[in-house]
Amino acid sequence: MNIVACVKQVPDTEALIKVKPDGSGIDEGGIKWVMNPYDEYGVEEALRLKEAKGGEVTIVSVGPARAMETIRTALAMGAEKGVHVSDPLLDNTDAYTTAAALAAVIKGLNPDIIFCGQRAIDDDSGQVGSILAAILGIPQVTIVTKLEMADGKIKAIKPIEGAQLVIESTLPCVITTQKGLNEPRYASLPGIMKAKKKPVDVKNAAALGIATEPKAKVAKMTPPPDRAPGKIIAGDDPAAKAAELVRLLREEAKVI
Amino acid sequence: MAKKFMSMRNLHFLLYEVFDTASLAKYPFFSDHGKETFDMVLETGMKMGRDILYPALAEMDRNQPVFEKGTVRVHPVVETVVKECGGGGWIGAHASYELGGQQIPNTIMTAFRGIFAAANYSASVYPFLTSGAAHLIASFGSKELIDTYIPRMFSGQWQGTMALTEPQAGSSLTDLTTTATPTDKGYYLMKGQKIFISCADYDCVENVVNLMLARIEGAPAGIRGISLFVVPKMRPDEKGKLVANDLNCVSIYHKLGYRGAPITQLALGENGDCRGWLVGQPHKGIRHMFQMMNEARIEVGMGAAAIASAAYYASLEYTMERPQGRKITSKNPEEPQIPIIEHADVKRMLLFQRAVVEGSLSLIFQCAIYADLVNVTDGEEKETNELLLEILTPIAKSYPSEMGILSVSQGLQCLGGYGYCDEFPLEQYYRDVRIHPIHEGTTGMQGMDLLGRKVVMKNGKAFMLFLGEAEKTIAGAGSIDELKSCAEALTTALERLKEVTGALTGLAVKGDIEVFLADATLYLEMFGITAIAWQWLIQGITAHHALAKLPAAQDALFYKGKLATCRYFFEYELPKTQGLATRLMRSGDGLTVKMEKEWFGD
């Protein structure tokens, strides 16, 4: 099987995020970068599929030079090769352009199945997998927590409010992966040693022939507002204090 | 629970900026490696520590191993840790390619193990005890032993241990009585008892391989009659099937801390059928065992520094959040309270912890680098590295162990009453860290090793080499204004150490050996503080140069913190050597030697 797993490098969930003073994005100084946790499920599922059915796993990532570390991590987990779309014109680009870049790479790979995390934990847009499927003109199953493959088809489970859907799809297709699908493995030491020698193609936008002008732009990024200070209701009479609390909840906070 | 237990930023600082481990790649043995590999190794270690070990920290403390039906039931996470470490190649990581390892430098694996130890010390000992035991077989064992044991130990299928202590022979190995009777079948029949053997029996491992000291029947008395054996719990028969080897766990001890790892009492040869295989030469057991012992001592230092690191970060996080009191200059009780980290005395407690933790880590990596260089250099260069490693090993073991207790205690103190309660991990760290001055040679033994053996060996050559290294660092600090006073203080401290060393060895020359060694522990303490000051000066110089390059804001804060902690060490810790020197210069009075035991009666 020819399997593709898309990965994005994102700030560690434990990193302290600071917004740049001009609101153009986050201050990247001192941030530790990791593989998007939802993409890890995709890489793991790709490796399990390969181990069960044979074939190879290609890792594709769009991101600045440092994203190579994340591709190497996936190679250390056991993927065979990588493609790194690295171009300053694509730094912090939108979901459409990212998907277009991925599609341009993946078309040439002719895969049976493509994995993407259901969203990235940095911008939380959750669109790339779906746009990618649309550009490639293939089916998609999103937010998958269980996957089986038989007779050239997949059967996927997707939880919805109060129930779960069992979805069948033909191949090739895009699967976006959700927590619960599997437990991603750790890179092994022999895997780390081999990863250095595995091939990674580096391509820029021109080589892929894609437009770099994003369709959507982040106009401004602001940190969440500071929480307003609490209010202490003074007085000695509990009944009066309770009445005042109800009044404030109704008239000021407008929550009851 | 606190988010951080070991700082990756500080590991990078020490491993890459202070010690330049990436340059080890210039030696053929390490030529396949570089910073990229090391980064991935450390990241994987941190991930495993964070995901697997750290969440089980308190559980393993509260659910101690249980001895039932002849075996020891341990926390289920042990199986995961051993399996992941075996499957991931981490147990044999440092070994040569021929043995199935990946030739990762000891320095990097020391950091990896330190991450594990900080996450959960008890859980970390299982895989890495096996590393040490396997290394011993690889160094001195026959090809047959290597082929039989190493692959299964590296894969995590079989646990390794070191089995030295007996009920009547703890620090005094001379008195051990476990016997090995030769047979004509290539093995020995073992008989005796061992106690305090970590991880020598538990339920989720296929086999246990004990590296055991015993006396071959008829061997000379004393240390020169002791040999080293492989004594497995289950032995492979002719067809490779495992059969019981008449080696049984008869009980386990319940400990103050470090409760997730069982320490066992073993009975050997109760039915006359416990087989052992000689490792190395007969009667050279102690010498062979000391290879593992020396590695284990540095590992113990790392264990202590790692627990102190976890305690430091837990207390740091708490002091940032806990509001209590107002600035001493504030008279207005209506003003909001301030986080306790703003109080000078709390900052002092945090600085003390950081000074101990990061000073200890620095010395441990310094030793780890020497150990790596011993493996890849020859001739005089090799000897220099060997001697520096030898003289610093008792310090790298004892300083973190003894000071780690005080460091964790200050962490606990930062939390006040909460620190004393089990809702926070500090009380567990305080109990866990207490083992380190005891196992792998007590602090008293380390003191005697340093003063009685290491300082005087080869006419003081190792001592002179240490002084030379420290003087090189002082020279490097000479032109830096902000470190000038530290450099001068270290010069004075080295002079003081020379003077004390001269006075003490003078007692030895007079033949008064008992008096010479009576205050060896104090000497070790004084030497330890001086050696850590040297390491802090190295870190200060590195931080100074890094700051001069105008780094990113976050990095600048880190380097400023380093420089402040360096100054703290020189102002608050190094002066303690004066008091120690005062006593040591008068050690000739033999005060403790002359104290009669009857005078303790009351």
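This is a predicted model: local features need pLDDT of at least 70, side-chain atom pairs count only at pLDDT 80 or more; totals for chains, interfaces and linings use all residues.
How much area is buried between chain B and chain A, and what share of it do carbon and sulfur atoms give?

View 1. The area buried between the two chains (accessible area, 1.4 Å probe, lost on being put together and summed over both) is about 1800 Å², of which carbon and sulfur atoms give 59%. In this interface 24 residues of chain B are in contact with 17 residues of chain A, contact meaning heavy atoms within 4.5 Å.

**View 2. The salt bridge of A:Asp12 and B:Arg50.** These two side chains meet at 3.5 Å, N to O, and the rule (a side-chain nitrogen of Lys or Arg within 4 Å of a carboxyl oxygen of Asp or Glu) finds 5 salt bridges across the interface.

**View 3. Helix 6 and helix 7 of chain B.** Helix 6 (residues 121-140) and helix 7 (residues 143-154) pack at an angle of about 160 degrees, with their axes 10 Å apart, and are therefore roughly antiparallel (angles over 145 degrees). Residues that meet here include B:Ala134 and B:Ile137 from helix 6 and B:Tyr149 and B:Met153 from helix 7. By class, this contact has 10 nonpolar, 1 polar and no charged residues.

**View 4. Helix 2 and helix 5 of chain B.** Helix 2 (residues 35-53) and helix 5 (residues 106-119) pack at an angle of about 15 degrees, with their axes 9 Å apart, which makes them roughly parallel (angles under 35 degrees). Among the residues making the contact are B:Phe38 and B:Gly45 of helix 2 and B:Phe112 of helix 5.

Residues are numbered from 1 along each chain as its sequence is written, and chains are lettered from A in the order in which they are written. Local features need pLDDT of at least 70, side-chain atom pairs count only at pLDDT 80 or more, and totals for chains, interfaces and linings use all residues, while side-chain values use heavy atoms, with hydrogens and water left out.

Note on methods:
Axes are lines fitted to C-alpha atoms, for helices over the stretch in contact, and angles run from 0 to 180 degrees between N-to-C directions. Helices (H or I, at least four residues) and strands (E, at least two) are DSSP runs, numbered from the N terminus. Angles under 35 degrees count as roughly parallel, over 145 as roughly antiparallel, 65 to 115 as roughly perpendicular and the rest as oblique. Ala, Val, Leu, Ile, Met, Phe, Trp, Tyr, Cys and Pro count as nonpolar, Asp, Glu, Lys and Arg as charged, and the others, Gly among them, as polar.
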